[in-house]
Amino acid sequence: MFRFCTCFRRRRRRRSAWHEYRVCCFFRRRFRPVSTDPPEAIRKEFEEYADAGGVMGVRELAEFLAEVQGEPTDSGTAQAIIDDAREAKPLKVFQKKKGLSLDAFYGFLFSDDNAAHRPDGVSQDMTAPLAHYFIYTGHNSYLTGNQISSLCSDEPVIKALKNGVRVIELDLWPNKTHTDIDVLHGGTLTQPVKLIKCLTSIKKFAFVASEYPVIITFEDHLTAELQAVVARMLTETFGAMLFTSDSKSLENFPSPEALKRRIIISTKPPKEYLESSSKVSKEEDEEQKGGEVKPWSGELSDHEDKPTDIQQQVSDQLDREEEDQIVAPEYKSLIGIAAKKLKSDLGAALKIDPHSVSRLSLSELALEKATDSHATELVRFTQKNLLRIYPKGTRVTSSNYKPLLAWAHGAQMVALNMQGHGKALWLMQGMFRANGGCGYVKKPDRLLKNDDPNDVFDPKAELKVKKILKVRVYTGDGWRFDFDKHHFDPYSPPDFYTRVGIAGVEADTVKMEETHAIEDDWTPVWDEGFEFRLRVPELALLRIEVYEHDLSDPDDFAGQTCLPVWELRTGIRSVKLCDHEGETLPSVKLLMRFDIIDVA
């Protein structure tokens with residue numbers, strides 16, 4: 001069943017309402033009624049396919065769907081759209097003749113069924129090893145706010161899982177009496193939450209949004225006795241859901257399909273935390289000499305400074321253990337994905353072991369350096385192993401870095417602060433709208449090509465243009481239903497404009513282009529086009545943002561979305577916008593056109 005735009009009938013009823021704004025106590029400004037007529041470009045498109053009576057029947061609609069929308073359609077599909085128009089019965093949208101009027105056609109174009117990106121379920125092969133997928137990954141998943149003093153809770157974990165995040169990070173510390181395990185950001189003022197509460201919530205919500213595996217990464221600062229307590233919690237909470245391996249190491253990772261509805265524990269062998277907390281790597285020295293101040297990070301094992309008292313606390317705890325007691329065997333046996341420690345030689349860490357796979361972590365700063373000196377080694381390493389990237393330690397406000405550099409070099413677990421709303425997180429949300437929103441997106445073939453060791457993808461190399469994306473922004477509507485009439489401007493209707501751009505490999509990433517602002521109009525018509533030349537379209541994300549122009553203050557945010565180019569539906573499409581946090585706005589949509597041209 002095709003459902004027409006939910007605000008279609010509402011905007012018909014309010015067509016004649018004049019807009020009045022109070023300027024001062026005695027004066028009011030009146031603005032023309034909201035126009036809900038189709039833009040001239042849409043009218044011309046309709047007239048090109050409609051019959052002589054101004055009706056688009058089954059045959060005409062099928063032709064439009066095939067030629068403009070790129071969807072070869074049988075008469076049954078076209079008839080279903082027309083039947084839906086009859087059931088909707090908005091004013092004058094359905095003709096007595098069996099077909100769509102101009103208004104009905106316009107309503108169909110704005111409908112959710114005609115969306116530019118429609119999550120129709122998993123569409124990619126899910127039987128390849130885990131290393132062949134980008135995985136929706138969170139950083140310090142338990143924090144509700146900043147990295148220094150916010151509350152730790154299971155609520156952010158629940159929200160992340162509901163949104164499709166597949167990698168949850170928990171930092172494990174002894175409680176004050178050393179009898180239980182707290183989850184908190186060590187060395188800060190964050191208030192702890194009990195580990196068992198987080199695990200219980202993970203079990204309840206792990207597979208609400210996706211059936212594909214959830215990976216829990218532990219930063220473990222525990223004694224052997226408390227490791228054993230964690231092992232009991234894990235087995236009692238998850239039982240058969242836990243993935244474990246009979247062999248000492250995995251030669252290859254299983255596939256997401258084979259791991260459906262499984263929970264995977266990933267951490268370093270606990271002894272390595274002692275090593276990494278008792279000495280500072282050469283890489284860390286270099287970062288500090290470069291002026292990067294890192295008072296803390298929550299990534300003890302990955303060579304970020306920790307406060308001296310925390311280092312001493314961990315060291316003292318572990319020094320009290322005998323060598324054969326450092327690792328609780330029942331805890332170690334539950335580690336499904338072993339992580340290895342990065343030593344001073346990155347080149348050595350990126351060497352591939354043909355007999356085992358592992359996970360390596362790098363900070364965003366270490367990644368930036370690595371892409372300059374070891375770009376192809378990173379790509380080759382991630383064809384078999386997992387690479388996790390995490391925010392630098394100075395992001396105390398839970399801000400984020402742009403994830404495209406990591407994805408372009410094959411990193412699967414690009415960890416962002418899910419509470420750090422903004423443009424970086426919009427890119428993350430855009431990437432994982434792909435493949436049905438299941439939290440796993442298959443990496444492009446060029447990142448997986450390994451038949452020739454000397455022919456490994458280098459995202460910084462000079463690349464040929466593969467496709468041209470043409471984008472046209474026609475119009476928008478819905479703000480008047482979702483916002484108070486004074487939200488954008490107290491004295492007049494808003495002056496909206498749209499920005500469009502590409503985020504991808506360095507050569508494809510371009511400055512956002514924008515339409516002109518339409519003054520005093522809740523239903524602006526821009527009808528402006530843009531063109532983007534793409535070298536790696538499989539990694540290109542289309543950024544769309546709408547703002548309200550303001551002469552004296554910063555422009556007001558009015559909605560955004562980010563869409564995977566490789567899953568865009570071509571033709572004239574509706575585009576739903578989201579708020580600053582990534583939640584879909586109930587009514588706000590744009591009407592746009594997308595054409596993708598192959599370049600020989």
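Helices (H or I, at least four residues) and strands (E, at least two) are DSSP runs, numbered from the N terminus. The structure is a predicted model, in which local features need pLDDT of at least 70, side-chain atom pairs count only at pLDDT 80 or more, and totals for chains, interfaces and linings use all residues. Residues are numbered from 1 along each chain as its sequence is written, and side-chain values use heavy atoms, with hydrogens and water left out.

**View 1. Thr371 in helix α14.** Thr371 belongs to helix α14, which covers residues 364–373. Its relative accessibility is 3%, so Thr371 counts as buried (buried means under 20% relative accessible area, exposed over 50%, partly exposed in between, with a 1.4 Å probe and protein chains only). Neighbours within four places in sequence aside, Thr371 is in contact with Leu378, Leu405, His409 and Lys460; contact means heavy atoms within 4.5 Å.

**View 2. The whole protein.** The protein has 19 helices and 21 strands. It has 600 residues, of which 58% count as buried. Of the contacts between residues at least 6 apart in sequence, 74% join residues at least 24 apart.

**View 3. The largest nonpolar core.** A nonpolar core is a set of buried Ala, Val, Leu, Ile, Met, Phe, Trp, Tyr and Cys residues joined through side-chain atoms within 4.5 Å. The largest one here has 82 residues, and Leu170, Ile202, Ile216 and Ile263 have the most contacts inside it. Helix α8 (residues 224–238) supplies the largest share of this core, eight residues. A second, separate core has 32 residues, including Trp526, Phe532, Leu568 and Leu590. In soluble globular proteins, nonpolar side chains tend to be buried together.

**View 4. The surroundings of Ile263.** With residues up to four places away in sequence not counted, Ile263 touches Ile202, Ala206, Phe207, Val214, Ile216, Phe238, Met241, Leu242 and Phe243. Two of these names, Ile202 and Ile216, are also listed with Ile263 among the residues with the most contacts inside the largest core.

**View 5. Packing of helices α7 and α8.** Two packed helices are described by the angle between their axes and the distance between the axes. Helix α7 (residues 195–205) packs with α8 at an angle of about 25°, and their axes are 10 Å apart. Axes are lines fitted to C-alpha atoms, for helices over the stretch in contact, and angles run from 0 to 180 degrees between N-to-C directions. The two helices, α7 and α8, are therefore roughly parallel to each other (angles under 35 degrees count as roughly parallel, over 145 as roughly antiparallel, 65 to 115 as roughly perpendicular and the rest as oblique). Their crossing is right-handed; a crossing is left-handed if the near helix is turned anticlockwise from the far one by less than a right angle, and right-handed if clockwise. On the α7 side the contact is made by Leu195, Ile196, Leu199, Thr200, Ile202 and Lys203, and on the α8 side by Val230, Met233, Leu234, Thr237 and Phe238. By class, these residues are eight nonpolar, two polar and one charged (Ala, Val, Leu, Ile, Met, Phe, Trp, Tyr, Cys and Pro count as nonpolar, Asp, Glu, Lys and Arg as charged, and the others, Gly among them, as polar).

**View 6. Packing of helices α6 and α7.** The axes of helix α6 (residues 155–162) and α7 come within 9 Å and cross at roughly 20°. Helices α6 and α7 are therefore roughly parallel to each other, with a right-handed crossing. Val157, Ile158, Leu161 and Lys162 of α6 meet Ser201, Ile202 and Phe205 of α7. This contact of α6 with α7 has five nonpolar, one polar and one charged residues.

View 7. Asp220 lies in strand β7 (residues 214–220) and, at 2% relative accessibility, counts as buried. Asp220 and Val183 are 37 residues apart in sequence, and their C-alpha atoms are 9.9 Å apart in space. Ser574 lies in strand β20 (residues 571–578) and is buried, with a relative accessible area of 1%. Leaving aside neighbours within four places in sequence, Ser574 is in contact with Leu109, Phe110, Ser111, Asn114, Ala115, Ala116, Lys589, Leu590 and Leu591.

View 8. Ser398, a residue other than glycine, has a positive phi near 65°. Ser398 is found in the loop between β11 (386–390) and α16 (404–408) and is buried, with a relative accessible area of 1%. Asp520, also a residue other than glycine, has a positive phi near 55°. Asp520 is in the loop between β16 (513–514) and β17 (525–534) and, at 22% relative accessibility, counts as partly exposed.
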